[in-house]
Amino acid sequence: MPPSGNIKDYWHPAPYAWPNPDTPDGLPYIHKDGLRVPGTRMYEAQSNKYDRTAIQRVFDETTALSLAGYVFSKPAYTEKAAKLIRRWFIDEKTAMNPHLTYSQVVMGKNQNRGTASGLIETKDMYFFLDAVRLVKKSHFWCEDDEKKILEWCKSFLAWLNNSDQGRQEVAANNNHGVAFDLQTYALAAFIGDVEQMYEILLRALSRMKGHVDKNGMQSHEMTRTTTAHYTAFNLHLWFNLSVLLRRTAGLNLFNEERDYDGVKFNPLKKAASWVLGRAAGDWPFKQIDEFDKERYQHLYHTVSRYSPAIREKFQGVIKSFSESKVVFFPHDGIAPFWTLQG
């Protein structure tokens with residue numbers, strides 16, 4: 001049960017928060033960067049005690065089922081996807097309350113409420129909402145479903161924007177800020193709030209230069225204990241956002257240039273080149289756990305469409321598009337079946 005005692009409240013402890021060895025009751029918990037508490041890594045043993053794995057299964061399985069139903073004309077898959085959506089977001093008895101007040105709770109602090117960083121746990125809302133769009137095309141979706149999913153998304157977006165956690169997260173100068181823009185933009189697009197879409201677009205544009213220095217290094221992500229992961233992860237988020245902006249607002253983030261001491265270039269291309277330049281050899285910076293180098297396929301094949309120089313320079317290092325890995329561990333920040341994005 002979450003600290004609130006309400007089973008419909010989303011609940012997940014902070015992944016790097018451990019009992020304090022210097023206090024009798026272990027409170028307040030202390031931070032150990034990169035060392036995950038058992039049960040806080042998705043799909044592992046004990047993760048069913050909390051909601052992070054459960055909601056990720058909803059995102060991923062709804063996506064797989066809706067695509068299967070749509071592509072292969074198999075109504076049973078679409079019907080199951082619709083049931084998952086209703087169970088989590090529509091049915092009154094089972095629907096998650098539209099907030100993340102108890103996401104990434106550090107026990108013994110803030111009245112056992114969640115932290116701003118916990119909002120990243122619904123970062124994949126952007127591709128889940130595309131799955132909902134596919135289900136909406138079927139006869140398994142009704143007007144009442146549509147009304148209630150829109151009400152839930154509006155309430156959730158309002159909470160993200162107005163809660164203390166949301167106000168802190170939107171100000172984050174690392175990957176958390178981009179993840180916030182990604183999911184809030186997706187929600188605003190889903191409910192049709194065009195004015196808010198443009199506000200988020202402008203906010204995202206204002207972040208770009210601060211994420212990448214003149215050498216292409218992402219300084220905020222280089223402070224972590226898993227730098228290979230975070231330098232890729234931040235770019236995955238940016239590239240996911242770029243797809244949404246290109247398709248809804250006609251804006252291509254890879255065409256956006258910023259001035260660095262009199263030299264203009266696109267920060268995302270520069271950062272991707274910096275990361276991909278280390279794809280072939282051993283990662284020379286701090287990385288305390290294993291890293292899946294196949295993640296670079298998503299970065300390369302996305303950015304190379306807009307950078308002939310990157311396409312030519314790294315084509316011998318990265319597998320061809322047709323051989324690319326299609327589904328990654330959800331923590332990595334790559335949409336499942338990303339190769340279908342076109």
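1. How many nonpolar, polar and charged residues does the lining of the second largest pocket have? In this predicted model, the lining of the second largest pocket holds 10 nonpolar, 11 polar and seven charged residues.

2. The volume of the second largest pocket is about 460 Å³. Its lining is made up of 28 residues. Those nearest the pocket centre are Tyr-16, Gln-104, Ile-120, His-176 and Tyr-230. The top contributor is α8, with three residues.

3. The largest pocket contains about 650 Å³ of space. There are 22 residues in its lining, and Phe-127, Asp-130, Ala-131, Arg-247 and Gln-341 are the closest to its centre.

4. Four helices each supply at least two residues to the lining of the largest pocket: α1 (52-72), α3 (125-136), α6 (175-191) and α8 (227-248). Of the elements, α3 gives the most, with six residues.

5. By class, the largest pocket is lined by 14 nonpolar, five polar and three charged residues. For the second largest pocket, the corresponding counts are 10 nonpolar, 11 polar and seven charged.

6. For the largest pocket, α6 and α8 are among the helices that supply at least two lining residues each.

Definitions and conventions: Residues are numbered from 1 along each chain as its sequence is written. This is a predicted model: local features need pLDDT of at least 70, side-chain atom pairs count only at pLDDT 80 or more; totals for chains, interfaces and linings use all residues. Side-chain values use heavy atoms; hydrogens and water are left out. On a 1 Å grid over the protein atoms alone, a cavity is a set of points where a 1.4 Å probe fits but cannot get out, and a pocket is an open set with protein on both sides within 12 Å along at least five of seven lines; lining residues have an atom within 4 Å of a point. Grid points are joined across faces, edges and corners, and a volume is the space filled by probe spheres set on the points. Ala, Val, Leu, Ile, Met, Phe, Trp, Tyr, Cys and Pro count as nonpolar, Asp, Glu, Lys and Arg as charged, and the others, Gly among them, as polar.
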